[in-house]
Amino acid sequence: MKRELRIASCGLACCLCSKNEVCNGCHDDSCTDKDYCINRKCCIENGYEYCSECSKDCKNGMLAKIKPYAFTLFAKRYGIDCLLDCLEQNEKNGVIYHRQGIIGDYDKFDDIEDLIRFIKSGK
């Protein structure tokens with residue numbers, strides 16, 4: 001885990017991304033998606049680092065998908081540091097963020113609350 005890369009604006013885990021060997025994360029100006037990422041642009045325009053800092057229940061951009069939305073909701077409830085702590089512990093316990101391509105253990109959920117419980121417990 002590259003904890004220093006933290007979380008993308010939309011909640012995805014740059015710190016665990018399989019591309020983080022060549023990518024410095026969403027908050028870096030070298031981000032290849034920066035010109036079209038709706039969530040990053042919105043955060044910058046509104047003075048937020050993360051979508052989780054916004055009081056709106058937004059499902060724009062990446063937040064239309066279960067994983068980033070659940071990660072953002074988790075961060076709203078418990079904070080970014082708690083999210084990072086849970087992701088780090090889960091990784092130590094064998095949970096894989098990107099197992100095949102960009103699909104991993106956090107992608108097998110259809111229910112947001114089930115995914116949030118999984119993030120928290122790793123089970």
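1. Lys-59 sits in the loop between helix H1 (38-46) and H2. Leaving out residues up to four places away in sequence, Lys-59 touches Ala-64 and Tyr-69, where a contact means heavy atoms within 4.5 Å. From the C-alpha atom of Lys-59 to that of Leu-5, 54 residues apart along the chain, the separation is 23 Å.

2. A word on what we are looking at: this is a predicted model, in which local features need pLDDT of at least 70, side-chain atom pairs count only at pLDDT 80 or more, and totals for chains, interfaces and linings use all residues. Residues are numbered from 1 along each chain as its sequence is written, and side-chain values use heavy atoms, with hydrogens and water left out.

3. On the overall fold, the protein has 4 helices and 0 strands, giving the pattern α-α-α-α along the sequence. Helices (H or I, at least four residues) and strands (E, at least two) are DSSP runs, numbered from the N terminus.

4. A compact globule of 123 residues would have a radius of gyration near 14 Å, and the 13 Å of the protein agrees with that; the radius is taken over C-alpha atoms, and the globule rule is 2.2 Å times the number of residues to the power 0.38. Along the principal axes, the C-alpha atoms fill a box of roughly 35 × 30 × 25 Å. Among contacts with a separation of 6 or more, 49% are between residues 24 or more positions apart.

5. As for the surface, 41% of the 123 residues count as buried. The accessible surface comes to about 7100 Å², with 49% of it belonging to carbon and sulfur atoms; the areas come from the Shrake-Rupley method with a 1.4 Å probe, and for residues only the protein chains shown count as cover.

6. Helix H4 (residues 112-121) deserves a look. Leu-115, Ile-116, Phe-118 and Ile-119 are buried there. These residues cover an arc of only 160° around the axis, which puts them on the same side of H4; the arc is that of the directions from the helix axis to the C-beta atoms. An α-helix has 3.6 residues a turn, so residues three or four places apart point the same way. The buried residues of H4 pack against helix H2 (66-78) and helix H3 (80-92).

7. In H1, the buried residues to check are Asn-39, Arg-40 and Cys-43. Their arc around the axis is only 100°, which puts them on the same side of H1. Just after H1 comes Gly-47, with a positive phi of about 75°.

8. Back in the loop between H1 and H2, please also look at Ser-52. With 14% relative accessibility, Ser-52 counts as buried. Beyond its neighbours within four places in sequence, Ser-52 is in contact with Thr-72, Ala-75, Lys-76 and Ile-80.

9. One backbone detail remains: Arg-6 has a positive phi of about 55° although this residue is not a glycine. Arg-6 lies in the segment before H1 and, with a relative accessible area of 27%, is partly exposed.

Terms used. Buried < 20%, exposed > 50% of the residue type's maximum accessible area, 1.4 Å probe, protein only.
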